[in-house]
Amino acid sequence: MPHHLLDAQEAAQILRMDRRTLIGWARLGYVPAHPLGEGKRKLWRFLEHELLEWVEARGTEKKRPPASTMRTAIGAHARRTA
């Protein structure tokens, strides 16, 4: 099973949230994330399967469930911006 490495924008689309909020959560260790680089301006990367497992583990009711795959998230984004 390949592990899809996502940037903050792609991960935020899957989680259906703002990219800046996701980066803030990554800095706080709230969401599974992998920092690249050192110092204050790290690049954050996210593994798709870790994000989906994290959402399932939270088990809370959400208004909008996470997109199950990157393809679904991209399709949803395309429909919203069309």
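These legends go with a set of close-up views of a predicted model.

Residues are numbered from 1 along each chain as its sequence is written, and side-chain values use heavy atoms, with hydrogens and water left out. Since this is a predicted model, local features need pLDDT of at least 70 and side-chain atom pairs count only at pLDDT 80 or more, while totals for chains, interfaces and linings use all residues.

**View 1. The largest nonpolar core.** Here are the 16 residues of the largest nonpolar core, meaning buried Ala, Val, Leu, Ile, Met, Phe, Trp, Tyr and Cys residues joined through side-chain atoms within 4.5 Å. A11, L15, L22, V31, F46 and L51 have the most contacts inside this core. At least two core residues come from each of α1 (8-15), α2 (19-28), β3 (43-47) and α3 (48-58); helices (H or I, at least four residues) and strands (E, at least two) are DSSP runs, numbered from the N terminus. Helix α1 gives the largest share, five residues. Leaving out residues up to four places away in sequence, L51 touches L6, A11, L15, V31, P32 and F46, where a contact means heavy atoms within 4.5 Å.

**View 2. Helix α1 from end to end.** Six of the eight residues of α1 are buried, so this helix is largely enclosed by the rest of the structure. Buried means under 20% relative accessible area, exposed over 50%, and partly exposed in between (1.4 Å probe, protein chains only). The buried ones are A8, A11, A12, Q13, I14 and L15.

**View 3. Where α1 meets α3.** These two helices pack at an angle of about 35 degrees, with axes 11 Å apart. The axes are lines fitted to C-alpha atoms, for helices over the stretch in contact, and angles run from 0 to 180 degrees between N-to-C directions. From α1, A11, I14 and L15 meet E48, L51, L52, W54 and V55 of α3.

**View 4. W54 and its neighbours.** Have a look at W54, in helix α3. W54 is buried, at a relative accessible area of 14%. Not counting residues up to four places away in sequence, W54 touches L15, W25, Y30, V31 and P32. Y30 and W54 are 24 residues apart in sequence and 9.7 Å apart in space, C-alpha to C-alpha. The backbone oxygen of Y30 lies 3.0 Å from a polar atom of the W54 side chain.

Definitions and conventions: A polar contact is a pair of N or O atoms within 3.5 Å; within protein, one must be able to donate a hydrogen and the other to accept it, and residues adjacent in sequence count only if both atoms are side-chain atoms.
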